[in-house]
Amino acid sequence: MSLAISLISPSSVTDDAAVARGIQGLESLGVRLHCPEPLQRPRRYLAGSREWRLAQLHAAYDDPETHAVWAIRGGYGAAQLLDGIDWARLAANPKPLVGYSDVTVLLDHWHRHGLPAIHGPVVKAASGLLDAGDDSKERGILRRQLSETLALLRGPTALDYPLSAWGEAPATLAGPLVGGNLTTLASLVGTPAALHAPPGALVILEDVGEPWYRLERALWQLVQGGALERAAAVCLGTFEGCPPWGDERLEAIVAETLAPLGLPLYHGLPIGHGLHNRPWRYGAIGHINQGRLTVES
């Protein structure tokens, strides 16, 4: 199936040249892209005013010729859109939304409203297919992740990922996959948009550029705010550019913070900022079994 995808800018503004390369990268994979004109209308550090970004989002879902909606980048701003979204309008043409990072908040609310959502690379990441130079390994990793995302858009696709247990975590476990960017989720605690993991959920967390004390503070907010009360486990993705503290492991800090909830911890998922960001369907059932996470789709 030849996929047609509408692009949106729900969060921060980004360099037009990087966006153009991302578009070219996706097109090299045989995707047809519908790009609104203009794709961005910068306002401060945002891709556009709240009203403009909402109109762009609704227009993407109104488009009868596209199969999915893909965010060009994260940053900040997606949460501003929530109380202005016409959910009935989106449900009339329920196509998947793709993104991560700041788009985490939208993915969670799409799932709450019964709409499909995929946590995966943003459009800007596809520029790596053109910018990786002679690094064929890097291009190969990125091509795989983008191709897996496109496969999820085309139909049911089972994927699996490596992960490791930390401490005395069960060897087997299953539950719906939710979560995303830790800092973004922590910023929502105490608001109507706050994450409340469904019963038995496997909560995936990742982040970028945050010192460990900020990561611990963000996780503490989630724990104390009740976001993880009904979860079955936490699964850590990558934490790119997060400066360590001495010789301590980040997993040990996370396990200590989760201890009051008795939640088991897993780590090592190839999900997050940086080169490794394999996709997963938000709300899909994940199965942990002997060092692998397999995802139903």
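**Notebook: contacts, rings, helices and backbone**

I looked up Glu148 to begin with: leaving aside its neighbours within four places in sequence, Glu148 is in contact with Leu159, Arg278 and Pro279. Contact here means heavy atoms within 4.5 Å. Glu148 sits in helix H6, residues 136-154. Helices (H or I, at least four residues) and strands (E, at least two) are DSSP runs, numbered from the N terminus. Glu148 counts as buried because its relative accessibility is 10%. The classes are buried under 20% relative accessible area, exposed over 50% and partly exposed in between, with a 1.4 Å probe and protein chains only.

I note the provenance here: this is a predicted model, in which local features need pLDDT of at least 70 and side-chain atom pairs count only at pLDDT 80 or more, while totals for chains, interfaces and linings use all residues. Residues are numbered from 1 along each chain as its sequence is written, and side-chain values use heavy atoms, with hydrogens and water left out.

**Aromatic rings**

I then turned to the rings. A pair of aromatic rings is described by the distance of the centres and the angle of the planes. Rings of Phe, Tyr and Trp (its six-membered ring) pair if their centres lie within 6.5 Å; planes under 30 degrees apart count as stacked, over 60 as edge-to-face and the rest as tilted. By this rule I get 3 aromatic pairs. One of them is Tyr61 with Trp110, a tilted pair at 6.1 Å centre to centre with 55° between the planes. Tyr61 lies in helix H2 (residues 50-62) and Trp110 in helix H4 (residues 104-112), so this pair ties together parts that are 49 residues apart in sequence. Tyr61 counts as buried because its relative accessibility is 1%. Trp110 is also buried, with a relative accessible area of 0%.

Trp87 and Trp110 form an edge-to-face pair, 5.2 Å centre to centre and 75° between the planes. Trp87 lies in helix H3 (residues 87-91) and Trp110 in helix H4, so the pair ties together parts that are 23 residues apart in sequence. At 18% relative accessibility, I log Trp87 as buried. Ring pairs link Tyr61, Trp87 and Trp110 into a cluster.

**Helices H8 and H9**

Next I checked how H8 and H9 lie. The axes of helix H8 (residues 212-224) and H9 come within 10 Å and cross at roughly 25°. Axes are lines fitted to C-alpha atoms, for helices over the stretch in contact, and angles run from 0 to 180 degrees between N-to-C directions. H8 and H9 are therefore roughly parallel to each other; the label applies under 35 degrees, with over 145 as roughly antiparallel, 65 to 115 as roughly perpendicular and the rest as oblique. H8 passes H9 in a right-handed crossing, that is, the near helix is turned clockwise from the far one by less than a right angle.

On the H8 side I find Trp212, Leu215, Glu216, Leu219, Trp220 and Val223, which meet Leu250, Ile253, Val254, Thr257 and Leu258 in H9. The residues of this contact divide into 9 nonpolar, 1 polar and 1 charged. Ala, Val, Leu, Ile, Met, Phe, Trp, Tyr, Cys and Pro count as nonpolar, Asp, Glu, Lys and Arg as charged, and the others, Gly among them, as polar.

I also looked at Ala252, which lies in helix H9 (residues 250-258). Ala252 counts as partly exposed because its relative accessibility is 24%. Ala252 and Leu265 are 13 residues apart in sequence and 9.6 Å apart in space, C-alpha to C-alpha.

**Backbone and loops**

I went through the backbone last. Most residues other than glycine have a negative phi, and most peptide bonds are trans. A cis peptide bond joins Glu37 and Pro38, with omega about 0°. Pro38 lies in the loop between strand E2 (32-34) and H2.

Arg44 is found in the loop between E2 and H2. Arg44 is not a glycine, yet has a positive phi of about 55°. With a relative accessible area of 53%, Arg44 is exposed.

Ser101 has a positive phi near 60° and is a residue other than glycine. I place Ser101 in the loop between strand E4 (97-99) and H4. Ser101 is buried, with a relative accessible area of 12%.

Asp83 is found in the loop between strand E3 (68-71) and H3. Asp83 is exposed, with a relative accessible area of 71%. Asp83 and Ala47 are 36 residues apart in sequence and 18 Å apart in space, C-alpha to C-alpha.
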